[in-house]
Amino acid sequence: MPLVLNKLQFAASLLRSNLTPKVIPVKFIHPTFIKYDNDINDESVPISKDRTKVIPVEISMKYLKSSAYKKTYGEYPVWKYYRRNFKAQIPPQKTRRTCIRGGVISTGSPCPICRDEYLILDYRNIDLLKQFISEHSGEILSYNYTGICQKAYKDLCVAITKAKEYGLLSYDVPFRYYDYSEWKN
């Protein structure tokens with residue numbers, strides 16, 4: 001009886017080829033069923049979307065000085081030419097929460113930090129952090145302006161704060177001059 005059920009389930013799995021077949025533990029499995037089963041389960045993530053590999057910060061700092069980086073981005077910041085398509089061309093109030101889910105890029109147009117695997121947000125990576133700081137005021141540029149996802153923005157804020165605390169990023173504390181002559185007796 002179990003052998004008959006196994007053959008019926010095998011025939012049903014061949015008929016519905018678009019659905020993934022269930023693996024049935026039995027003593028005898030036909031060789032074509034094994035070949036068919038392996039073809040279905042060989043779904044792998046494309047290498048370009050895989051973000052499970054950890055890249056050291058030192059490699060990211062070397063990448064920012066390499067000719068490949070200059071060829072890709074030129075002399076501009078990484079977010080300069082990033083544009084994302086919006087539904088009905090109306091930009092949302094906030095950017096997306098994250099571009100990477102489960103170690104895989106889950107969106108069609110990831111943010112400038114998530115799309116390039118060699119851009120690592122770390123407090124030691126000063127050249128990358130300076131691209132997200134305003135030249136005029138010294139403030140961190142908004143995620144609406146740069147287009148990075150909210151998770152990368154939080155990591156950016158932490159990295160910039162940490163770099164300022166360690167003295168790797170210099171910043172000017174605003175000093176106000178007051179006219180005390182108005183308050184003299």
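**Cysteines, salt bridges and confidence**

User: Is Cys149 buried or exposed?

Analyst: Cys149 counts as buried, because its relative accessibility is 1%. Please note that this is a predicted model.

User: And which cysteine sulfur is closest to that of Cys149?

Analyst: The closest one belongs to Cys111, at 3.7 Å.

User: How many disulfides does the structure hold, then?

Analyst: The number of disulfides is zero. Cys111 takes part in none, and the cysteine sulfur nearest to its own, at 3.4 Å, is that of Cys114.

User: Buried or exposed for Cys111?

Analyst: Buried: the relative accessibility of Cys111 is 1%.

User: Back to Cys149. I see Thr98 beside it; what does Thr98 contact?

Analyst: Once neighbours within four places in sequence are set aside, the contacts of Thr98 are Cys149 and Lys151.

User: Where does Thr98 sit?

Analyst: Thr98 is found in the loop that runs between α4 (67-73) and β1 (100-101). Its relative accessibility is 16%, so Thr98 is classed as buried.

User: What lies 3.3 Å from a polar atom of the Thr98 side chain?

Analyst: The backbone oxygen of Ile100 is found at that distance from the side chain of Thr98.

User: Where is Pro92 placed?

Analyst: Pro92 is in the loop between α4 and β1. With a relative accessible area of 38%, Pro92 is partly exposed.

User: What is the C-alpha separation of Pro92 and Asn144?

Analyst: Their C-alpha atoms are 9.1 Å apart, although 52 residues separate Pro92 and Asn144 along the chain.

User: Changing topic: how many salt bridges are there?

Analyst: The count is two. In one, the side chains of Arg124 and Glu58 come together with an N to O distance of 3.7 Å. This pair connects distant parts of the chain, 66 residues apart: Arg124 belongs to the loop between α5 and α6, and Glu58 to helix α3 (residues 57-64).

User: How accessible are Arg124 and Glu58?

Analyst: Arg124 is partly exposed at 37% relative accessible area, and Glu58 is partly exposed at 41%.

User: Which side chain meets Arg124 at 2.9 Å, N to O?

Analyst: Asp122 does, in a salt bridge. Through shared partners, the salt bridges unite Glu58, Asp122 and Arg124 in one network.

User: Is Asp122 buried or exposed?

Analyst: Asp122 has a relative accessibility of 17%, which falls under the 20% limit, so this residue counts as buried. Asp122 lies in the loop between α5 (112-115) and α6 (126-129).

User: What does Asp122 touch, residues up to four places away not counted?

Analyst: Asp122 touches Val57, Leu129 and Ala159 on that basis.

User: One last check on confidence. What is the mean pLDDT of the chain?

Analyst: The mean is 80, and 76% of the residues reach 70 or more. Across residues 26-42, however, the pLDDT is below 50.

User: How many contacts does that stretch have in the model, beyond near neighbours in sequence?

Analyst: Residues 26-42 have 20 such contacts in the model.

Note on methods
Residues numbered from 1 in each chain as written. Heavy atoms only, no water. Helix = DSSP H or I, 4+ residues; strand = E, 2+ residues; numbered from the N terminus. Buried < 20%, exposed > 50% of the residue type's maximum accessible area, 1.4 Å probe, protein only. Polar contact = N/O pair within 3.5 Å; in protein donor to acceptor, adjacent residues only side chain to side chain. Contact = heavy atoms within 4.5 Å. pLDDT = per-residue confidence, 0-100. Salt bridge = Lys/Arg side-chain N within 4 Å of Asp/Glu carboxyl O. Disulfide = S-S within 2.5 Å.
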